[in-house]
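Here is a report on a predicted two-chain model. Read it beside the sequence and the coordinates.

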Amino acid sequence: MSLYDWLLFLHVLAAFAAVASVVVLSAILAATWRSAGVVDAGPFLRMSRLGSRLWDVGGMGTLIFGIWLAVYVEGYELWDGWILAALVLWRSPRPRACGWVRASAALSEPTPGTVSSGARSEASAPSSSTRSWRSRSQPF
Amino acid sequence: MTIALIRPDDWNFPLLLHVGGAMLLVGSLVTVAALFLLAWRGDSPGLIRLGFRTLLIAALPSYVLMRVGAEWINSKENIPDEADWIGIGYITADGGLVFLLISTILAGVAARRAGRHPGGGGTLGRVVTVLTLVVLTAYLIAVWAMTTKPG
């Protein structure tokens, strides 16, 4: 495999990881959006950490290997319009998105009133990770 | 130094459809694998249900996008079928569909059992986890083959 093959593979693989991060975070949002107080937030917070790590690796990898490719491949320049547009659009929306997802998951912690209704059998006491996360940060 | 080859403009959309579908498919499978891994030990009907829905609502439509895009771009590029990387693509895509369908059916049954009896659907959930990880590995090999084009 040539250097170009490696760069392209790693660039695309990193982009796959970045999109996987968006899918993971979207699934958590979809699951917790309308279920405040009736689902155990612990697993969803763990999932949000996975989404966050995927974005860290994927977002950075896509950027680094993409710029490397643009410099390495003759015929592309960093100041080509489509590359500049991609760099501008790549400005990370991740911290806010992850914050929303974590807030959504944390807000879905069971509350005594909703748990006692017995509507959802999976409701349980909030995990220690949920409590510690809530005590450390403001959801919004 | 590698010289850039600029593809014709009318190849762009089919290629975007193919790669975009593949990205969403892999993202969905990562989500499903993570959900079922989290549900592996505990009885978590919510996680199993979400995994089933992700397979049904995200993974299967993404597969269709990826597969339709693949045929479309293949018809435009006229790549010989005997190329190794095309062969790897077809094997992983078609074999992966079988695994994907079995996983979706098993996840549906597991979600139903888990909803009825706490702790139910555990074994089926573990089978889905393994199947999903196998498909995910195959698709990562396919990504390598599509980008490096061996043979």
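Of the 140 residues of chain A, 34% count as buried. Buried means 20 or more other C-beta atoms within 10 Å of the residue's own; exposed means 12 or fewer; partly exposed lies in between, and C-beta atoms are placed from the backbone. This is a predicted model: local features need pLDDT of at least 70, side-chain atom pairs count only at pLDDT 80 or more, and totals for chains, interfaces and linings use all residues. Residues are numbered from 1 along each chain as its sequence is written, while chains are lettered from A and ligands numbered from 1 in the order in which they are written.

**Chain A**

Chain A has six helices and one strand. From the N terminus, the order is α-α-β-α-α-α-α. Helices (H or I, at least four residues) and strands (E, at least two) are DSSP runs, numbered from the N terminus. Two residues are in contact if their C-beta atoms, placed from the backbone, lie within 7 Å. Among contacts in chain A between residues at least 6 apart in sequence, 83% join residues at least 24 apart.

The scale is pLDDT, the predictor's confidence in each residue, from 0 to 100. Chain A averages 73, and 59% of its residues score at least 70.

| Element of chain A | Mean pLDDT |
|---|---|
| H1(A), highest | 92 |
| H6 (residues 128-136), lowest | 39 |

**The core**

A nonpolar core is a set of buried Ala, Val, Leu, Ile, Met, Phe, Trp, Tyr and Cys residues joined through C-beta atoms within 7 Å. The largest one has 62 residues; A:Phe16, A:Ala20 and A:Val24 touch the most other members. Both chains supply it: helix H1 (3-32) and helix H2 (41-72) of chain A, plus helix H1 (12-38), H2, helix H3 (84-116) and helix H4 (122-148) of chain B, each give two or more residues. H1(A) gives the most, with 16 residues. Beyond four places in sequence, A:Val24 is in contact with A:Met47, A:Leu50, A:Gly51 and A:Leu54, and also with B:Val30, B:Thr31 and B:Ala34.

Which element gives the largest share of the side of chain B that touches chain A? H1(B) does, with nine residues. The contact takes 25 residues from chain B and 28 residues from chain A. On the chain B side, 16 are nonpolar, nine polar and none charged. Here Ala, Val, Leu, Ile, Met, Phe, Trp, Tyr, Cys and Pro count as nonpolar, Asp, Glu, Lys and Arg as charged, and the others, Gly among them, as polar.

H1(B) is largely enclosed by the rest of the structure, because 19 of its 27 residues are buried.

**Two residues of chain B**

B:Leu60 is found in helix H2 (residues 45-77) of chain B. It is partly exposed, with 16 other C-beta atoms within 10 Å. Beyond four places in sequence, B:Leu60 is in contact with B:Leu55, B:Leu100 and B:Thr104.

B:Lys149 sits in the segment after H4 of chain B. B:Lys149 has a positive phi of about 50° although it is not a glycine. Most residues other than glycine have a negative phi. B:Lys149 counts as partly exposed, with 15 C-beta neighbours inside 10 Å.
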